[in-house]
Amino acid sequence: MISRVAESCFWLHRYVERAENTARLLEVNRLFLLDVSLPELQRWQPVVVVSGERERFAEHFPDPEAQNDGELVQTYLTWDERCPVSIVSSAYWARENARVVRDAIGSAGWETLNGFWHWLRGGSGRRLWAFDRAEFYLRVRHAASLFQGVCQANMLHEQPLDFMRLGALLERCGQTARMVDVKYHTLGPTVRGIAETPLEAAQWLALLRSCSAVEPFFKRVRGLPTGAAVVGFLILEPDFPRSVLHCLDRAERFLRRLRPAAAPEVGRSSAELLAGLARGLRAQSIEQILAAGLHEELTRVIDTSAQICDAVYADYFNPTLAPPPSASAAMHEP
Amino acid sequence: MKRNHRRSRGLLSDYRPLPRVHDELFLEDGSPRPAVAAVARALDAIEEGEFRTRQRLADSVFHRNGITFSVYSDQRGVERIFPFDLIPRVLAPADWARVARGLDQRVRALNLFLADVYGEARILAEGRIPRELCESSAGFLPSLRGVRPPGGVYVHVAGIDLVREPGGELLVLEDNLRCPSGVSYVLENREVMKRVLPDLFATAHVRSVDEYPTRLREALLELGPAGPAHSALVVLTPGIHNSAYFEHSFLARQMGCELVQGSDLFVHGDRVYAKTTTGPSAVEVIYRRVDDQFLDPQSFRADSVLGVPGLVRAYAAGNVTIANALGNGVADDKCIYAFVPEMIRFYLSEEPILGQVETLLCSREQDRARVLDRLADHVVKAVDASGGYGMLIGPRSTREERAEFAERIRQNPRGYIAQPLVELSTCPTWAGHDTKARRVDLRPYVVSGRTTWVLPGGLTRVALEEGSYVVNSSQGGGSKDTWVLETEAP
């Protein structure tokens, strides 16, 4: 598979995943705030932080009160083209990358993204956002699910799809880790597994909701959604599709598929990094992780994910076997 | 009452062909041409309101499917759809059969000409085409003398532009033998047409165009240096900013091969490789949509970033098939066009089946004098321009424009030819409120591997503006689905 094309595949599904995540996060937070009373600073600011946008947001909106303005935060993370993780930016970059590799992802996948983009940019997306925000965010998430489903059902299950899935899984893994980390910061001291206040319980529930994890959680976990149970579920539950460990397991599978049997040296460094990270998590219980420091562990997950992306780049997108070094970079990043 | 009457009007009820112009669907007296009358009746049965709805649906399908060409002015570039008119252009079977034979003949002759010009150059030695005319062509690449492409095929894909004169005969207006584009619109137009006006297909038996990608792939692979089973095929595009990018991607998808940019390929030991996720991978056949001059910075324009350094060496060594071949520009030079009938006689010992437009070469003194004397009666074209640019339509020009062109011709006589203005035929076309006569041309596509195949129909382009003769998409042109009927109507 052409390296440049592979790189675009890897990124385009990440962008789709990112749009979905942002949509879910905004919607969950919006609903959550309707019937709880939280200090101002805990209402919207965590959403900006999870999105990795704290600094850029402060640059664009220097007023310290801005991060408490729910409408502003939502507009920024949904419509602002200056925000690289906003829904509109993610959709734009997903589509731009898809356009370059339209032949690799197939007509059906492309048309899904293109239709989504036109809906978002045309008046109907805007109107729905103004009129029925829940439905708007739901549509964004559905578009992402549709894209994933259409690709799985129509593409050959070979390299282009493998790179797409790999990208999406690494993105998802990082998102879940960040989401847990930020919540933990806000609620930190309560992760003790002992009785929590109703507000804390509601917050843990909201965290589950932000990861679409409420129903799966209650199928697996008897008892209250305590901090330890929720955090444990979101990090270690092997069967939950958004848990950190599940994403790493699946990503490992796709990386294995991508490595050519005939050339075992190809893809070694990315595979080893990924295997190491997953192994480290699997070896621990949630109690051990909490005792050793959740924030440190999650930081390790997030940093190693970034290293894995760099390694994937070096292993597959910029192969040293091919002189001369490529001059033109692939599409991909905002 | 009046509104109701308007709304239920049939699509062609009030249609009137232009006087002294051939109409594709109607005779001058307003009755449908017998060979295509069934389609005319079926079209007329669609009432206008319904038609408008269908036309809107068609436009939205083009947008949603991203069948667009881009005009990049800022980061969020503008994408336009190539305007599509739902009223098809219909060709009777007998009419088409003759055209297809003529195209086959013409492309065979052009191919033999290219093989000759880059080989023994017999036709020049015998004085049938002036040597200096050939060698002064911008598309002539002397460095490729003696390089014979696999199978001796130069023109893998030809787009031959035809126009119908008032007498009803289809004439060749120009040959496109380098990177003719537009075939994706033929295929997509048909898809959209089937989707929005399915009933129309029930009354007419229309020949399918689906085969094109398979035929092209077959033709390209059978000419691969390693044989069809072992040759890897790629489509080479200048990239996403090229206006025909959609088509490049479309063809790669339809042929099941990789779409690459110049930077994805490299040459090592006179062989071409693609940079893949598992290391270099050999490439044997390149369907390129990059112009000759940009193809290899080592051989042509050194500043090209679209090409592949060393590609021409690999080509000359016979390790890669490039389609279309390099150097084809000499054969579709608008000066050389005048000699194609001569080529047909010289190489095939046949008389040309298709007529063409009388052409004056400004490089010839007596021709030039005639052109300059009567500029208002001619269409003047730059020999190496396309897309409707670099052109003067004499009868519709201003005095200043004529003076400017006269000067240009005097400065560079080899650079210009002149032809009489052909009264292009018209086709009923939706003009927003009602159906009007608009001028059309036709670009059929001819695919050559070891044998030659003509796609039934081709791309019908239509000048959407009233009175306009310019059908190019860059200048207000649109397109139509082109129907070659399977059998004569009863």
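The model is predicted: local features need pLDDT of at least 70 and side-chain atom pairs count only at pLDDT 80 or more, whereas totals for chains, interfaces and linings use all residues. Residues are numbered from 1 along each chain as its sequence is written, chains are lettered from A and ligands numbered from 1 in the order in which they are written, and side-chain values use heavy atoms, with hydrogens and water left out.

E40(A) is located in the loop between α1 (3-34) and α2 (45-50) of chain A. Helices (H or I, at least four residues) and strands (E, at least two) are DSSP runs, numbered from the N terminus. Together with D63(A), E65(A) and D69(A), E40(A) forms a patch of negative charge on the surface. Patches are made of residues with over 30% relative accessible area and no salt bridge; like charges are joined within 9 Å, and nonpolar side chains (Val, Leu, Ile, Met, Phe, Trp, Tyr) within 5 Å. The areas come from the Shrake-Rupley method with a 1.4 Å probe, and for residues only the protein chains shown count as cover. Asp and Glu count as negative and Lys and Arg as positive, while His and the chain ends are not counted; the place of a charge is taken as CG of Asp, CD of Glu, NZ of Lys or CZ of Arg.

## Salt bridges

A salt bridge is a side-chain nitrogen of Lys or Arg within 4 Å of a carboxyl oxygen of Asp or Glu. By this rule, the count over all chains is 56 salt bridges. In chain A, E135(A) pairs with R139(A) in a salt bridge, their closest N and O atoms lying 3.4 Å apart. Both residues belong to helix α8 (residues 133-154) of chain A and are four residues apart, about one turn of the helix. E135(A) is partly exposed at 28% relative accessible area, and R139(A) is partly exposed at 38%. Elsewhere, a network of salt bridges links E17(A), E20(A), R24(A), R172(A) and R242(A).

In chain B, R301(B) and D303(B) form a salt bridge with 3.0 Å between the closest N and O atoms. R301(B) is partly exposed at 37%, whereas D303(B) is exposed at 51%. A further salt bridge joins D367(B) to R364(B) at 3.6 Å, N to O. Here D367(B) is buried, at 8% relative accessibility, while R364(B) is partly exposed at 35%.

## Buried positions in chain B

Helix α2 (residues 37-44) of chain B has A37(B), V39(B), A40(B), A42(B) and L43(B) as buried residues. Their cover includes β3 (84-91), α8 (198-203) and β23 (477-484) of chain B.

V462(B), in strand β22 (residues 459-463) of chain B, is buried at 0% relative accessibility. Contact means heavy atoms within 4.5 Å. Leaving aside neighbours within four places in sequence, the contacts of V462(B) include T429(B), R438(B), R439(B), V440(B) and V471(B), as well as G476(B), G477(B), G478(B), S479(B) and K480(B). V462(B) and T429(B) are 33 residues apart in sequence, with a C-alpha to C-alpha separation of 8.4 Å.

## The loop between β12 and α13 of chain B

K334(B) lies in the loop between β12 (321-323) and α13 (340-348) of chain B and is buried, at 10% relative accessible area. Not counting residues up to four places away in sequence, K334(B) touches E174(B), T359(B), K381(B), A382(B), V383(B), A385(B) and I417(B).

N324(B) is also found in the loop between β12 and α13. The peptide bond joining A323(B) and N324(B) is cis, with omega of about -10°.

## Positive phi angles

S212(A) is a residue other than glycine with a positive phi, near 50°. S212(A) is placed in the loop between α10 (198-210) and α11 (214-220) of chain A, and is partly exposed at 29% relative accessible area.

In chain B, D270(B) likewise has a positive phi in a residue other than glycine, here near 60°. The loop between β8 (265-268) and β9 (271-276) holds D270(B), which is partly exposed at 24%.

Note on methods: Buried < 20%, exposed > 50% of the residue type's maximum accessible area, 1.4 Å probe, protein only.
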